[in-house]
Amino acid sequence: MAAKSANLYARIEPDVKEQAEGILSALGIPASNAINMFYKQIILHRGLPFEVKIPSAHPVDMRALSDAEINAELERGYADAKAGRTKPAGRAFADIHKDYDL
(Lines give C-alpha, C1' and ligand atoms only; values in the text may rest on other atoms or scores of the structure.)
Protein backbone atom coordinates (compact mmCIF):
# COMPACT_ATOMS: atom_id res chain seq x y z
CA MET A 1 0.00 0.00 0.00
CA ALA A 2 1.37 3.40 -0.96
CA ALA A 3 2.10 5.92 1.77
CA LYS A 4 -0.46 8.70 2.01
CA SER A 5 1.63 11.83 1.84
CA ALA A 6 -0.04 14.06 -0.76
CA ASN A 7 -2.43 16.76 0.38
CA LEU A 8 -5.56 17.93 -1.40
CA TYR A 9 -7.21 21.25 -0.64
CA ALA A 10 -10.65 21.94 -2.04
CA ARG A 11 -13.26 24.58 -1.33
CA ILE A 12 -16.81 23.24 -1.25
CA GLU A 13 -20.14 24.48 0.00
CA PRO A 14 -20.39 24.01 3.79
CA ASP A 15 -23.81 22.32 3.65
CA VAL A 16 -22.62 19.89 0.96
CA LYS A 17 -19.60 19.01 3.11
CA GLU A 18 -21.76 18.56 6.21
CA GLN A 19 -24.33 16.35 4.49
CA ALA A 20 -21.72 14.20 2.74
CA GLU A 21 -19.63 13.76 5.88
CA GLY A 22 -22.75 12.79 7.83
CA ILE A 23 -23.48 10.02 5.34
CA LEU A 24 -19.84 8.92 5.26
CA SER A 25 -19.77 8.86 9.06
CA ALA A 26 -22.86 6.63 9.13
CA LEU A 27 -21.05 4.31 6.71
CA GLY A 28 -17.88 4.40 8.81
CA ILE A 29 -15.82 5.90 6.00
CA PRO A 30 -13.52 8.86 6.71
CA ALA A 31 -13.79 11.67 4.13
CA SER A 32 -10.14 11.21 3.13
CA ASN A 33 -10.82 7.53 2.31
CA ALA A 34 -13.89 8.46 0.27
CA ILE A 35 -11.87 11.00 -1.72
CA ASN A 36 -9.14 8.41 -2.28
CA MET A 37 -11.79 5.91 -3.50
CA PHE A 38 -13.23 8.55 -5.83
CA TYR A 39 -9.79 9.28 -7.33
CA LYS A 40 -9.15 5.55 -7.81
CA GLN A 41 -12.46 5.24 -9.64
CA ILE A 42 -11.49 8.17 -11.88
CA ILE A 43 -8.30 6.29 -12.76
CA LEU A 44 -10.14 2.98 -13.39
CA HIS A 45 -12.81 4.65 -15.54
CA ARG A 46 -10.33 7.00 -17.22
CA GLY A 47 -12.83 9.76 -16.42
CA LEU A 48 -15.61 10.44 -13.97
CA PRO A 49 -17.15 7.23 -12.61
CA PHE A 50 -20.67 8.48 -13.31
CA GLU A 51 -22.54 10.16 -16.14
CA VAL A 52 -22.51 13.95 -16.06
CA LYS A 53 -25.48 15.41 -17.87
CA ILE A 54 -28.30 17.86 -17.51
CA PRO A 55 -31.48 15.91 -16.69
CA SER A 56 -34.20 16.16 -19.31
CA ALA A 57 -36.78 16.94 -16.64
CA HIS A 58 -36.34 18.40 -13.20
CA PRO A 59 -38.50 17.21 -10.33
CA VAL A 60 -40.69 19.92 -8.90
CA ASP A 61 -39.62 21.11 -5.43
CA MET A 62 -43.01 21.74 -3.91
CA ARG A 63 -41.46 23.64 -0.97
CA ALA A 64 -40.30 26.37 -3.35
CA LEU A 65 -43.69 26.93 -5.01
CA SER A 66 -46.36 29.46 -4.16
CA ASP A 67 -49.94 28.31 -3.55
CA ALA A 68 -50.86 29.35 -7.10
CA GLU A 69 -47.95 27.36 -8.56
CA ILE A 70 -48.87 24.28 -6.49
CA ASN A 71 -52.46 24.55 -7.71
CA ALA A 72 -51.24 24.81 -11.32
CA GLU A 73 -49.10 21.65 -10.86
CA LEU A 74 -52.08 19.80 -9.39
CA GLU A 75 -54.30 20.96 -12.28
CA ARG A 76 -51.72 19.70 -14.81
CA GLY A 77 -51.63 16.34 -13.03
CA TYR A 78 -55.41 16.15 -12.98
CA ALA A 79 -55.59 17.01 -16.70
CA ASP A 80 -53.01 14.30 -17.48
CA ALA A 81 -55.01 11.74 -15.50
CA LYS A 82 -58.27 12.72 -17.25
CA ALA A 83 -56.58 12.47 -20.66
CA GLY A 84 -55.17 9.02 -19.88
CA ARG A 85 -51.55 10.21 -19.79
CA THR A 86 -50.69 7.93 -16.89
CA LYS A 87 -48.54 4.89 -16.22
CA PRO A 88 -48.71 2.07 -13.68
CA ALA A 89 -47.12 2.88 -10.30
CA GLY A 90 -44.55 0.10 -10.70
CA ARG A 91 -43.33 1.60 -13.95
CA ALA A 92 -43.32 5.11 -12.46
CA PHE A 93 -41.16 3.98 -9.54
CA ALA A 94 -38.85 2.03 -11.88
CA ASP A 95 -38.42 5.19 -13.98
CA ILE A 96 -37.63 7.25 -10.86
CA HIS A 97 -35.04 4.70 -9.74
CA LYS A 98 -33.45 4.71 -13.21
CA ASP A 99 -33.55 8.48 -13.68
CA TYR A 100 -32.07 9.25 -10.25
CA ASP A 101 -29.79 6.20 -9.96
CA LEU A 102 -31.45 4.97 -6.77
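The following questions and answers look at salt bridges, an aromatic group and backbone angles in this predicted model.

Residues are numbered from 1 along each chain as its sequence is written, and side-chain values use heavy atoms, with hydrogens and water left out. Because the model is predicted, local features need pLDDT of at least 70 and side-chain atom pairs count only at pLDDT 80 or more, while totals for chains, interfaces and linings use all residues.

Trainee: How many salt bridges does the count come to?

Mentor: A salt bridge here is a side-chain nitrogen of Lys or Arg within 4 Å of a carboxyl oxygen of Asp or Glu. One of them joins R85 and D80, whose side chains meet at 2.7 Å, N to O. By this rule the count comes to 4 salt bridges.

Trainee: Which residue forms a salt bridge with K17?

Mentor: Helices are DSSP runs of H or I with at least four residues, strands are runs of E with at least two, and both are numbered from the N terminus. An α-helix has 3.6 residues a turn, so residues three or four places apart point the same way. With the closest N and O atoms 3.1 Å apart, the partner of K17 is E21.

Trainee: How far apart are the closest N and O atoms of R76 and E73?

Mentor: R76 and E73 are 3 residues apart in helix α3 (residues 67-82), and therefore separated by about one helical turn. The two form a salt bridge, and their closest N and O atoms are apart by 2.4 Å.

Trainee: Is R85 buried or exposed?

Mentor: Buried means under 20% relative accessible area and exposed means over 50%, with partly exposed in between, using a 1.4 Å probe and protein chains only. The salt-bridge partner of R85 is D80, and D80 counts as partly exposed at 30% relative accessibility. R85 has a relative accessible area of 53%, and so R85 is exposed.

Trainee: Which aromatic pair is stacked, with 15° between the planes?

Mentor: Rings of Phe, Tyr and Trp (its six-membered ring) pair if their centres lie within 6.5 Å, and planes under 30 degrees apart count as stacked, over 60 as edge-to-face and the rest as tilted. The structure holds 2 aromatic pairs. The stacked pair, 6.3 Å centre to centre, is formed by F38 and F50.

Trainee: Why does this pair tie together parts that are 12 residues apart in sequence?

Mentor: F38 is partly exposed, with a relative accessible area of 32%, and F50 counts as partly exposed at 47%. The pair ties those parts together because F38 lies in helix α2 and F50 in the loop between α2 and α3.

Trainee: Which residues form one aromatic cluster?

Mentor: The stacked pair of F38 and F50 has its ring centres 6.3 Å apart. Both residues belong to the cluster, which is formed by F38, Y39 and F50.

Trainee: Which residue takes a positive phi just after α3?

Mentor: The expected span of a helix is 1.5 Å times one less than its number of residues. For the 16 residues of α3 this gives 22 Å, which agrees with end C-alpha atoms 22 Å apart. Just after α3, the residue with a positive phi of about 80° is G84.
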